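Here's a short tour of the model shown below. Have a look at it first, then read on.

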Amino acid sequence: LEHLIVEVDSSNVSQLQINYKALTLFNLAIELYDKDWKKVTEYVGTRISAQVRSHAQKVLSDYSIAAR
C-alpha cells in the first residue's frame, strides 16, 4: 500500500481538483455525446477542442489496448 500514497503540497491541490472535475465532465460528455467533440468540449467547458480530442485519442487508445 505504500506505493499508493501520494504526497501533494497545497499549491497542487486546486490543480488536482480542476483536473478531476474536467475528467469527470469529460467522461459524462462522452457518454452523452459520443464522439461529437464540439459538444464534448462545450460540456467540459474548461478545455479547448484540441485538448479534448487529444485526451480522447489517448483514452480510446488505452481502451483498445485493454480490449486485446
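## Ground rules

Helices (H or I, at least four residues) and strands (E, at least two) are DSSP runs, numbered from the N terminus. This is a predicted model, where local features need pLDDT of at least 70, side-chain atom pairs count only at pLDDT 80 or more, and totals for chains, interfaces and linings use all residues. Residues are numbered from 1 along each chain as its sequence is written, and side-chain values use heavy atoms, with hydrogens and water left out.

## Overall layout

The protein has 3 helices and 0 strands, running α-α-α from the N terminus on. Of its 68 residues, 15% are buried (buried is under 20% relative accessible area, exposed over 50%, partly exposed in between, with a 1.4 Å probe and protein chains only).

## Around Asp36

Asp36 sits in the loop between α1 (10-33) and α2 (37-44). With a relative accessible area of 31%, Asp36 is partly exposed. Its C-alpha atom is 9.8 Å from that of Arg53, 17 residues apart along the chain.

Tyr33 is in helix α1 and Tyr43 in helix α2, so the pair ties together parts 10 residues apart in sequence.

Tyr33 is partly exposed at 31% relative accessibility, and Tyr43 is partly exposed at 32%.
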